[in-house]
Amino acid sequence: MLVATENGARTQANQGFNLQLALEGLSKDILTNIRKHAVIKNASKLNREQLKQTIIEQLAAAYELELPSLLELFDEERVELLQEVVRRKGNISFNEQLTAQQLQYWMELGLLFQTTISGQAVIAMPNELINVVDQHLQKLDFKRIALNSSLIETVKGMMYYYGALTHEQLNTILSRYAVFGQIEVLYMHLVINYRHYHNDLGLNEQFVHHAAIPDPTLIAKEHNQRQEVDYAYFTALELHKAGAQRYTHRTQAHQLLVDFLVKQFKVLQQDANLIADQAEFGIRAGLQLQDLVEYIQRELVIQDEQIINLLLPRLIIMYNNTPQWFLKGHHANSLASNSEQSEDLQQQPMSNEYAAPQIGRNDPCYCGSGKKYKKCCINK
């Protein structure tokens with residue numbers, strides 16, 4: 001379906017890529033989506049062929065009016081792609097980084113299509129639309145587009161720390177940050193439009209959530225059990241950083257575990273970081289401490305009980321200092337430090353701590369100093 005225009009483009013490349021070629025072979029559902037995005041009126045009852053002809057005749061004029069409203073929902077990534085296509089007179093070499101979802105997104109807007117011109121796979125804009133798009137891009141407020149990008153990264157950062165939020169909670173927390181008050185469209189409109197383009201954010205009618213969460217209602221249930229706890233505060237910069245792809249919050253506790261793995265098991269720094277990153281994700285997602293121990297045992301094939309005793313303190317430190325989805329972005333230590341909440345926290349399974357590992361006074365200290373336990377961390 002994404003390459004339905006290919007054969008026609010091969011035979012008529014010398015005529016340029018136009019709407020006639022772009023729409024050839026598209027289903028009525030896709031044509032209907034193009035009509036709706038461009039707000040072409042009085043076309044809802046047309047058959048497929050009539051609808052196609054109406055779009056060919058009216059799309060350019062319709063986008064003269066409607067494209068500004070669409071562009072104000074875009075982030076920098078999508079605007080830059082349109083700029084590149086226009087700059088190259090309507091087509092660019094096919095970028096394999098564009099996913100099927102993204103190609104579908106552009107096609108249902110009627111703006112970009114994957115096709116073949118002169119034997120080369122390209123992303124092309126119908127020539128009737130090039131000047132229309134170019135004129136509106138030149139008028140675009142790029143500071144607003146940059147702010148849209150910042151908001152989207154911030155929302156993804158919120159999901160990194162909180163796991164899931166209702167649409168209303170998302171708006172409430174975003175209102176903490178005055179910079180986003182400059183955005184004139186509804187925040188959720190930006191999020192919804194972004195989600196149609198990317199799948200690295202979970203979204204349904206009630207929740208925005210981390211993409212790895214299959215059922216956000218479980219997170220919401222845990223949040224509701226902690227009504228007295230507000231969502232942890234993070235600066236806009238912290239959230240923006242956390243929204244980056246493959247971001248991991250590497251704390252001192254994280255580094256303590258990495259250093260131990262490198263020294264004790266002679267693993268590469270990169271591999272130790274990967275194991276610690278997976279442990280950090282598991283803690284955020286709600287794994288018990290026992291689950292983390294079993295995970296590392298499997299990864300490093302640990303059978304020696306003494307090694308487990310050396311590993312446990314580091315996992316405990318990391319566990320208690322890693323923000324958790326179930327704790328509204330707090331880590332266990334930050335909540336336990338509040339005397340009014342510490343008793344309740346101790347009753348929660350997600351903040352359960354192991355008893356101190358049984359280390360003999362003359363055993364090597366678990367901190368890796370090389371000293372005996374009695375002469376090092378016994379009092380810590």
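**Entry 1**

I began with a pair of helices and found that the axes of helix α5 (residues 76–87) and helix α10 (residues 187–197) come within 11 Å and cross at roughly 60°. I note that the model is a predicted one.

I next looked up which residues make the contact. On the side of α5 I listed Glu 77, Arg 78 and Leu 81, and these meet Asn 193, Tyr 194 and Tyr 197 in α10.

**Entry 1: the protein as a whole**

I then turned to the overall composition. I read 18 helices and six strands in the protein. The chain has 380 residues, of which 49% count as buried. I also looked at contacts with a separation of 6 or more, and 66% of them are accounted for by residues 24 or more positions apart.

**Entry 2: the largest pocket**

How much space lies in the largest pocket? I noted about 860 Å³. The lining of this pocket has 30 residues, and the closest to the centre are Asp 200, Gly 243, Ala 244, Gln 245 and Arg 246. I recorded α5, α8 (142–162), α12 and α14 (269–285) as the elements that give two or more residues to this lining. By class, I found eleven nonpolar, nine polar and ten charged residues in the lining of the largest pocket.

**Entry 3: the second largest pocket**

I looked up the second largest pocket and wrote down a volume of about 250 Å³. Its lining includes His 37, Leu 70, Leu 73, His 189, Ile 192, Asn 193 and His 196. I also listed Gln 101, Gln 104, Tyr 105, Glu 108 and Leu 109 among the lining residues.

Which elements give two or more residues to this lining? I found α6 (100–109) and α10. The largest share, five residues, comes from α6. The lining of the second largest pocket divides into five nonpolar, six polar and one charged.

I checked the backbone angles next. Most residues other than glycine have a negative phi.

Arg 246 is not a glycine, yet I read a positive phi of about 60° for it. I located Arg 246 in the loop between α12 (236–242) and α13 (252–265). Arg 246 is also among the residues closest to the centre of the largest pocket.

Lys 328 likewise is not a glycine and has a positive phi of about 60°. I placed Lys 328 in the loop between α16 (305–320) and α17 (332–336).

Is each of these residues buried or exposed? I noted that Arg 246 is exposed, with a relative accessible area of 72%. Lys 328 is buried, since its relative accessible area is 5% and the cut-off for buried is under 20%.

**Entry 4: Gly 329**

I moved on to Gly 329, which also has its place in the loop between α16 and α17. Gly 329 is buried, with a relative accessible area of 4%. Leaving out residues up to four places away in sequence, I found that Gly 329 touches Tyr 161, Tyr 162, Ala 232, Phe 234, Pro 323 and Gln 324. I also looked up Tyr 233, which is 96 residues apart from Gly 329 along the chain. The C-alpha atoms of Gly 329 and Tyr 233 are separated by 8.1 Å.

**Entry 5: Thr 54**

Finally, I looked up Thr 54 and found it in helix α4 (residues 48–71). Thr 54 is buried, with a relative accessible area of 14%. What does Thr 54 touch, not counting residues up to four places away in sequence? I listed Ile 40, Ala 43, Leu 46 and Leu 59.

Technical notes. Residues numbered from 1 in each chain as written. Predicted model: local features only at pLDDT ≥ 70, side-chain atom pairs only at ≥ 80, totals over all residues. Heavy atoms only, no water. Helix = DSSP H or I, 4+ residues; strand = E, 2+ residues; numbered from the N terminus. Buried < 20%, exposed > 50% of the residue type's maximum accessible area, 1.4 Å probe, protein only. Contact = heavy atoms within 4.5 Å. Axes fitted to C-alpha atoms, helices over the stretch in contact; angles between N-to-C directions. 1 Å grid on protein atoms, 1.4 Å probe; cavity = no way out; pocket = protein on both sides within 12 Å on 5 of 7 lines; lining within 4 Å. Points joined across faces, edges and corners; volume = space filled by probe spheres on them. Nonpolar A, V, L, I, M, F, W, Y, C, P; charged D, E, K, R; others polar.
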